[in-house]
Amino acid sequence: MTRILVTGGAGYVGSVSVESFLAAGHVVVVLDDLSTGHRRAVPDGAKLIVGDYGDQAAMTRLLADDEIEVILHCAARSLVGESLQDPARYFRDNVSGGISLLEAAREIGVARFVLSSTAAVYGMPARTPIPEDAETRPINPYGETKRAFEGALAWYGRAYGLRSVSLRYFNVAGATEALGEDHDPETHLIPAILAAVEAGRPLTLFGDDYPTPDGTCIRDYIHVADLADAHLRAIEATAAADAQMGNGALVFNLGNGDGFSNLEVIHAAESVIGRPIDYEIGPRRPGDPPVLVASAERAATTLGWRPQRPSLDEMVGSAWAWRRAHPSGYED
């Protein structure tokens with residue numbers, strides 16, 4: 001049994017990870033400011049503290065009072081468009097706030113840390129599938145702030161003995177029976193498709209002239225429950241300073257390794273819902289590469305992690321089932 005703090009544990013990814021940790025017998029404390037998370041998304045059995053991970057004094061007290069042993073950091077600003085409009089907010093929250101959390105952990109002696117990161121650190125990769133040693137060249141402030149915080153983790157490992165794991169992934173999808181995706185605004189393709197179906201309006205796909213088999217962008221997807229499993233395995237990997245972990249930072253990509261085109265996602269949704277989906281083609285979005293797929297072989301070899309729910313039907317089907325069971329989301 002491990003005492004785990006999950007920042008952002010009332011959000012989509014964080015709450016499903018909390019659910020997984022509780023099922024594995026761990027003690028979980030959730031920290032969330034509820035600005036984008038939902039109080040009702042916090043699973044029964046977890047302790048919820050409403051607060052800001054950037055408040056170093058409060059975090060120091062929390063880590064000490066709840067005897068936290070390891071931190072899963074899911075809380076972050078994560079909208080690419082917003083980061084372009086307000087980079088100051090992203091650097092303040094994702095980098096400066098993250099350093100405050102690390103300093104609180106250092107003061108208390110919490111030496112284990114897992115970052116739910118992003119494959120946006122790669123920017124426009126030179127080759128695909130993308131390996132972890134590919135050059136990181138973010139093309140937006142969101143990706144840049146994640147790269148900067150990953151760098152801080154590496155230096156904290158060298159200087160202070162912090163053992164950390166950063167997990168990089170592209171698109172998370174799907175739901176568990178109890179927990180699903182409820183964002184406002186919604187920027188992810190699968191829930192955007194389902195919302196368009198529910199509203200009876202056409203969906204817009206951005207570009208159909210990419211050098212891909214059907215002309216639409218190809219992206220890597222991972223089921224949220226598979227991501228939660230990776231978070232759990234990463235936490236376990238930080239437990240001992242063995243030869244593999246050392247006193248440093250490990251980085252792993254997560255994904256299916258093949259990717260799906262936007263049209264394939266629509267066709268999967270049509271199969272799940274049982275009727276055609278109305279969509280229209282809009283102009284390309286600036287900076288959208290044709291293919292973004294990550295190689296997850298290192299995670300398979302080192303963490304023993306492989307996606308157990310790799311099909312689009314499973315991802316779209318579970319997301320649709322959750323939406324039908326929760327037509328108003330979490331109703332906060």
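What volume does the largest cavity have? In this predicted model, the largest cavity has a volume of about 50 Å³, and it belongs to a set of three cavities of 30 Å³ or more. Its lining is formed by Gly174, Ala175, Gly180, Glu181, Pro191, Leu194, Ala319, Trp322 and Arg323. Helix H6 (189-199) and helix H10 (312-325) are the elements that each supply two or more of these residues, with H10 giving the most, three.

Turning to the packing, the largest nonpolar core contains 41 residues, and Phe21, Leu167, Val172, Leu254 and Trp305 have the most contacts inside it. Among the elements that give two or more residues to this core are strand S1 (3-7), helix H1 (12-23), strand S6 (163-168) and helix H9 (297-303); helix H7 gives the most, eight residues. Beyond its sequence neighbours within four places, leucine 254 is in contact with residues including Leu167, Ile222, Leu227, Ala299 and Trp305. Another core, of 24 residues, lies apart and includes Leu205, Ile266, Ala269 and Val316.

Aspartate 66 sits in the loop between helix H2 (56-65) and S4. Aspartate 66 counts as buried because its relative accessibility is 8%, under the 20% limit. Its side chain makes a polar contact of 2.9 Å with that of lysine 47.

Conventions
Residues are numbered from 1 along each chain as its sequence is written. This is a predicted model: local features need pLDDT of at least 70, side-chain atom pairs count only at pLDDT 80 or more; totals for chains, interfaces and linings use all residues. Side-chain values use heavy atoms; hydrogens and water are left out. A nonpolar core is a set of buried Ala, Val, Leu, Ile, Met, Phe, Trp, Tyr and Cys residues joined through side-chain atoms within 4.5 Å. Buried means under 20% relative accessible area, exposed over 50%, partly exposed in between (1.4 Å probe, protein chains only). Helices (H or I, at least four residues) and strands (E, at least two) are DSSP runs, numbered from the N terminus. Contact means heavy atoms within 4.5 Å. A polar contact is a pair of N or O atoms within 3.5 Å; within protein, one must be able to donate a hydrogen and the other to accept it, and residues adjacent in sequence count only if both atoms are side-chain atoms. On a 1 Å grid over the protein atoms alone, a cavity is a set of points where a 1.4 Å probe fits but cannot get out, and a pocket is an open set with protein on both sides within 12 Å along at least five of seven lines; lining residues have an atom within 4 Å of a point. Grid points are joined across faces, edges and corners, and a volume is the space filled by probe spheres set on the points.
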